[in-house]
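Here is a short note for a first reading of this structure. Please keep the sequence and the 3D view side by side.

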Amino acid sequence: MQSKPKIVPLGDSSLLVQFGSEMDITINQRVHALAGLLDVSPLAGMIETVPAYATLLVQYDPLVLSFSQIRNFLREKISQVEKITPRKSKQVEVPVRYGGEYGIDLESVARHLHLQVEDVIRIHMRRTYTVYMMGFTPGFPYMGKLDDPLIMPRLEVPRTHVPAGTVAIAGSQTGIYPIASPGGWQLIGWTPLRLFDPNSKTPFLFSPGDEVKFVVEDHVA
Amino acid sequence: MSLEVIEVNGLATLQDPGRVGWRKFGVPTSGAMDSFAFRAANLLAGNDSNCAVVEIGLGDVALRALHDCIISVAGVGYGLSIYIWDFPLWSSYYVRGGWTIRLDKLDFDMWAYLAISGGVQTPPMLDSRSTYLRGPFGGLDGRQLQVGDVLRSGTPSHPLNELAARTLPEDARPVYSHHPTLDVIMGPQENYFTDESIAAFLSQEYAVSHTSDRMGYRLEGAVLSHRGKTELISEGMAMGAVQVPSSGQPIVMMADSPTTGGYPKIGTVVSADLPLLVQCMPNKSKVRFRKTTVAKAQKKYRELMGGFERIMEE
């Protein structure tokens, strides 16, 4: 029933393998399975991959590989994707201080959704989320799916500065800003966890596939 | 061998080819904006093309050689002086200990690259010496160069006198311009845009906005209208990708761009023409886009990179 993924160029040195166009866990697992397959069977001239929700970006060196060469290689690898099963995921508990100084959109989100602030917090905490992909800035986890009552559009005008550790929502996604950066998501809280440390042997707190649960932070000063 | 920073009032950072293999965790590639001039600077100094160099934009920088060394400078928009003389870019020079090297910003164009034979040595972060200011990490603790910084080099590949006076002839370099026409490969979301918008994108002139930076060059010109949706679920991006948010004004992804994005990409500037766009000056330069194919773009890139075989002794 799965249709063949499309392989389309993104410029002359990258391409996208399109498994689908929606946020779906089965599609996403196929993206990561192909990324894993390519990690363990690299092709000379293939530079790196960027797995996302439903697509895998593959960057290659056009001095070594033509588009059709890498496309043919990828087609063969795609045919092996079904044999790969996702690894056991890691469980991560994320303490959150909702609202306050960092969760500055919490009240407007509640108003917009016709909910009480407490309901927004309760609904955000009741699900276990999956890390579908990492992107945007170092260590940013794109997690989903949010329960329908929490689906909010992005801000019309993105903020120029969102502090590190800010917990946010947008559409059916939730995420955490690992470093201070611009941001267009709705900010609902803050976590003291450090998501990215370039000096560490394990620089990133999250990996794709991780299962994440938000809990209320204990009130320690 | 080392260089001491004695004056800096521009954006001076250490850059190498960029961070490879970490984009899957959201880490931008970073690295030199003009990859051609960057590579030329290294090769002229007898370096491997992955050595770290000084990238300077937006202002001037001056360094003092603490020992005899070979330096090379490539790029556009800068005047080079060593000791009491002015010299052309795209060449390597023997610099005596104690002499001052100045790179002074001219009116047009953006970036120059200063390499020292042996390459600037710093502890690599995530496999690269490139500075990512927003991180902040890489280069010198993720920051811009400042007065007093001492840049130490590794061992030169050859005796110094063999590395001096090498040059890359002008006809082997990209044809930099203040109003370049840039080849683009259309898609992958070309179908998100109206036919009129695609026609406008491929025929109108776009000005480079003053809000451009190492993350992205913002363009101002004919508004590109979406047929319907203005967003998609986030997917990987590449340097040169032209994203169009709901404002209809295109943004071209640059070295420090986010690894993923959710705005439709109308096309991607080809590798061979990226240096031309990178060197465009905000508020001054204007660009046009022309449709090409992947095969033609790759051929053009191979031809451009073949120019490095023409580095010669003067």
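1. Start with strand β5 (residues 91-98) of chain A. Two bridges join β5 to β12(A), and the two run antiparallel. Y98(A) has G189(A) in β12(A) as its bridge partner. Strands are DSSP runs (E, at least two residues), numbered from the N terminus. Two strands pair if DSSP finds at least two bridges between them.

2. A word on the ground rules. Residues are numbered from 1 along each chain as its sequence is written, and chains are lettered from A and ligands numbered from 1 in the order in which they are written. The model is predicted: local features need pLDDT of at least 70, side-chain atom pairs count only at pLDDT 80 or more, and totals for chains, interfaces and linings use all residues.

3. Now the confidence. The complex gets an ipTM of 0.96 and a pTM of 0.95 from the predictor. Chain B has a mean pLDDT (confidence per residue, from 0 to 100) of 96, and 100% of its residues reach 70 or more.

4. Back to β12(A), residues 186-190. Five of its five residues are buried (20 or more other C-beta atoms within 10 Å of their own, with C-beta atoms placed from the backbone). Strand β9 (residues 166-170) of chain A also runs antiparallel to β12(A), with four bridges. There, A168(A) is partnered with L187(A).

5. Which strand forms a hairpin with β9(A)? β10(A) does, with two residues between them. G171(A) in the turn has a positive phi of about 60 degrees. Four antiparallel bridges link β9(A) and β10(A). I169(A) sits opposite T174(A).

6. Look at the sides of β10(A), residues 173-176. Q173(A) and G175(A) point one way, T174(A) and I176(A) the other, and all are buried. Strand β7 (residues 141-144) of chain A joins β10(A) through two antiparallel bridges. G144(A) pairs with Q173(A).

Terms used. pLDDT is the predictor's confidence in each residue, from 0 to 100. A residue is buried if 20 or more other C-beta atoms lie within 10 Å of its own, exposed if 12 or fewer, and partly exposed in between; C-beta atoms are placed from the backbone.
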